[in-house]
Amino acid sequence: MKKIMIAGMGGQLGFELARTSADASLLVAPKENELDITDRESVNAFVSELRPAVIINCAAYTQVDKAESESEKAFAVNRDGPAYLAQAAKACNALLVHISTDFVFAGTGGNPLRTDDAAAPLSVYGKSKLAGEQEIARVGGDALIIRTAWLYSSFGNNFVKTMLRLMNERDSLGIVADQVGTPTWANSLARVIWQLIDLDARGLYHWTDAGVASWYDFAVAIYEEGRAAGLLSRDTEIKPIKTSDYPLPAARPAFSVLDKSSVYALTGGKPEHWRTNLRKMLSELR
Ligand SMILES: NC(=O)c1ccc[n+]([C@@H]2O[C@H](COP(=O)([O-])OP(=O)(O)OC[C@H]3O[C@@H](n4cnc5c(N)ncnc54)[C@H](OP(=O)(O)O)[C@@H]3O)[C@@H](O)[C@H]2O)c1
């Protein structure tokens, strides 16, 4: 029996992995507060007792703006946690699957970012996630790292759910139009993670849904699809604004569309367009 341990099962991606797994009986997830990945001893004890074939790390410090003032905590979870998991995985010959982010890039260009493009994170969150990737490489066991972007799910907190709430409350919203990336349904990422595990993939990959959008485009689509799905009952004007009009503590890449060709080459499949997946997620919420 090939046991699969999921750290951070209580987050959006953990939830989607659980419901898309081919055999849920193989999944083992530490219960809430049972495993703090920043505690090396707990990680070692948990992994050495369980002896999983695969560890999927969905645990992360994901509060991008708060990380600017909680750098130590962000690095503990996003750099040290993956290092401890990688060491524990290596000790029992398990594969570590780790999730990283488009925020490892500065995003000053205009071409889809490849896995061999230089990382240059602008924020504490991005720096801590890049440090996690580097720690996993330094430990040197079996590892699969997948960078993704702009995740949302019907479970957990995310941009889609925040927008729906605000659109039900406000007459108008200003949304940043000069940051471009790809909204990605955590469900489609979860499916590709299972595929890559089945294909014995190792190394660094990029994965998002298909297409590109600014946060403004994404918000307009949430409004239109939310109205069509009956989730929004009032008119809201959505206005494009500049990043400089909405200052936040963390700097973000202006262009972080990811090149996914190495996954296409391996799986032979391509992702659905982000708007198609948004529609599916909203119909679930309804
Ligand atoms: N969300 C995005 O837009 C996005 C974009 C690109 C990449 N990613 C990456 O994708 C992965 C999954 O993200 P997500 O959106 O599913 O995140 P999420 O919903 O914020 O879930 C993260 C989970 O990690 C847990 N966690 C935090 N610190 C922990 C610790 N010390 N020990 C054990 N568990 C801990 C959290 O538990 P608590 O809630 O109890 O703290 C939560 O259940 C992360 O690696 C993230 O960096 C996310």
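A residue counts as buried if 20 or more other C-beta atoms lie within 10 Å of its own, and as exposed if 12 or fewer do. The views below show a predicted model.

View 1. W150 lies in the loop that joins strand 5 (143-148) to strand 6 (151-152). Most residues other than glycine have a negative phi.

View 2. N93 is placed in the loop between helix 3 and strand 4.

**View 3. The shell around the ligand.** The shell holds 25 residues, and those that come nearest to the ligand are G8, G10, G11, A59 and A60. Helix 1 (12-20), helix 3 (71-91) and strand 4 (95-101) are the elements that each give two or more residues to this shell. By type, the shell residues divide into 13 nonpolar, 10 polar and two charged.

**View 4. Helix 6 and its buried residues.** Helix 6 covers residues 186-198, and its 13 residues should span 18 Å at 1.5 Å a residue; the C-alpha atoms at its ends are 19 Å apart, which agrees. The buried residues of the helix are A186, N187, S188, L189, A190, V192, I193 and L196. A186 has 27 C-beta neighbours inside 10 Å and therefore counts as buried. Along the chain, A186 and G230 are 44 residues apart, and their C-alpha atoms are separated by 23 Å. Just after helix 6 comes D200, with a positive phi of about 60°.

**View 5. The crossing of helix 1 and helix 6.** Two packed helices are described by the angle between their axes and the distance between the axes. Here the axes of helix 1 and helix 6 come within 8 Å and cross at roughly 60°. Helix 1 is therefore oblique to helix 6. Their crossing is right-handed.

**View 6. The crossing of helix 7 and helix 9.** Helix 7 (residues 215-228) and helix 9 (residues 274-285) have axes that come within 10 Å and cross at roughly 45°. An angle under 35 degrees would count as roughly parallel and one of 65 to 115 as roughly perpendicular, so helix 7 and helix 9 are oblique to each other. Helix 7 passes helix 9 in a right-handed crossing.

Technical notes:
Residues numbered from 1 in each chain as written. Predicted model: local features only at pLDDT ≥ 70, side-chain atom pairs only at ≥ 80, totals over all residues. Helix = DSSP H or I, 4+ residues; strand = E, 2+ residues; numbered from the N terminus. Expected span 1.5 Å × (residues − 1). Near = placed C-beta within 6 Å. Nonpolar A, V, L, I, M, F, W, Y, C, P; charged D, E, K, R; others polar. Axes fitted to C-alpha atoms, helices over the stretch in contact; angles between N-to-C directions. Parallel < 35°, antiparallel > 145°, perpendicular 65-115°, else oblique. Left-handed = near helix turned anticlockwise from the far one by under 90°.
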